[in-house]
Amino acid sequence: MGLGMWAAATGVFLFSWGPVFVRDNEFGALPFAFWRLIGAAAWAVAALHLRGGRLDRRVLRHSLAGGVVFTVNGATFFTAIKTTSVANAMVIGATAPIFLLWAASRIFKEQISYRVIVATPVAIAGMVMMLLGRSDSSGGGSLTGDVLAVVAVMSFSGYLVASRIARNHLTALEYQAGWSTIAAALMLPIALLSFDPLFISDTWSWGVAAAMAVTAGVAHLTFNYSHRYVSLRTISLLNMTAPGLAVMWAWFLFDEQLGGLQWLGVPLVAISVLAVVLDE
């Protein structure tokens with residue numbers, strides 16, 4: 001695999017640790033998202049300045065679309081988790097490749113091979129099995145939460161498309177500093193309107209937020225670096241492996257029991273993604 005593919009795979013690996021990190025977090029969803037973005041923006045801007053760059057008007061202009069749609073994604077996804085079942089939200093999220101394959105074909109004029117066309121619905125089916133097959137699943141959904149989850153998946157797809165366009169004008173580090181700064185600024189009033197406290201006394205939760213600022217930030221950086229070298233169709237399928245890896249981390253580290261469907265879904269997703277990577 002080339003460097004771009006390794007960068008995308010590293011991003012997926014780091015993304016998969018997100019649910020593990022927030023397992024025992026005491027922050028409300030939106031304040032946590034705000035602090036995670038603040039931390040990610042702080043180190044990205046510092047790194048950019050150390051490398052002789054600047055967070056100037058050019059960087060912010062090309063990062064604006066990505067920052068806006070990522071804010072929409074963060075706000076709607078975390079709210080969906082609160083108002084519908086986690087399984088519903090994640091299954092709806094697993095449909096992202098449908099939107100991204102359309103974008104890859106129509107916007108970026110990528111050729112969609114027969115292997116990708118077959119692998120995509122198989123991977124989605126495997127992800128649905130993994131997320132609905134939890135042996136300890138509970139809780140129902142709600143129409144409002146499901147609608148928010150749809151908005152979240154569409155906005156995340158929009159973020160990936162905006163990122164791909166922005167990378168034609170910015171380096172990965174410039175874009176990371178730009179979009180995360182914009183998203184942190186936009187997330188602040190949203191977090192305040194949630195009426196969850198921005199400041200809490202739990203030391204562990206602050207540590208989790210700091211860890212997520214680094215791991216999720218580096219994940220976005222490597223993922224966005226790969227946009228110059230890896231097709232959007234491949235990125236869309238690779239991104240589907242993150243929730244599956246999170247399920248495996250929870251099984252290995254926290255002894256969470258896996259249902260029979262999950263053991264069937266894991267190889268379906270893995271084989272489908274491998275087929276697309278080999279196609280790349």
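How many salt bridges does a search of the whole structure find? The points below begin with the answer.

1. The search of the whole structure finds 1 salt bridge, defined as a side-chain nitrogen of Lys or Arg within 4 Å of a carboxyl oxygen of Asp or Glu. The side chains of E174 and R58 form this contact, at 2.7 Å from N to O. E174 belongs to helix α9 and R58 to helix α4, so the pair, 116 residues apart, links distant parts of the chain. Helices are DSSP runs of H or I with at least four residues, numbered from the N terminus.

2. This is a predicted model, in which local features need pLDDT of at least 70 and side-chain atom pairs count only at pLDDT 80 or more, while totals for chains, interfaces and linings use all residues. Residues are numbered from 1 along each chain as its sequence is written, and side-chain values use heavy atoms, with hydrogens and water left out.

3. E174 counts as buried because its relative accessibility is 12%, whereas R58, at 31%, counts as partly exposed. Buried means under 20% relative accessible area, exposed over 50%, and partly exposed in between (1.4 Å probe, protein chains only).

4. The largest nonpolar core has 42 residues, among which L37, Y159, W179 and F223 touch the most other members. Such a core is a set of buried Ala, Val, Leu, Ile, Met, Phe, Trp, Tyr and Cys residues joined through side-chain atoms within 4.5 Å. Two or more residues come from each of α1, α3 (29–50), α4, α8, α9 (172–193), α10 (203–226) and α11 (232–239). The most, 7 residues, are given by α3. A second, separate core of 7 residues includes V45, L48, L173 and L221.

5. Y159 touches G66, V69, F70, Y175, W179, H220 and N224, leaving aside residues up to four places away in sequence. Contact here means heavy atoms within 4.5 Å.

6. Helix α1 (residues 3–15) has 13 residues, which at 1.5 Å a residue should span 18 Å; its end C-alpha atoms are 18 Å apart, which agrees. The expected span is 1.5 Å times one less than the number of residues. The buried residues of α1 are G4, M5, A7, A8, G11, V12, L14 and F15.

7. Helices α4 (57–83) and α8 (143–166) each supply at least two of its residues. L143 lies in helix α8 and counts as exposed because its relative accessibility is 70%.
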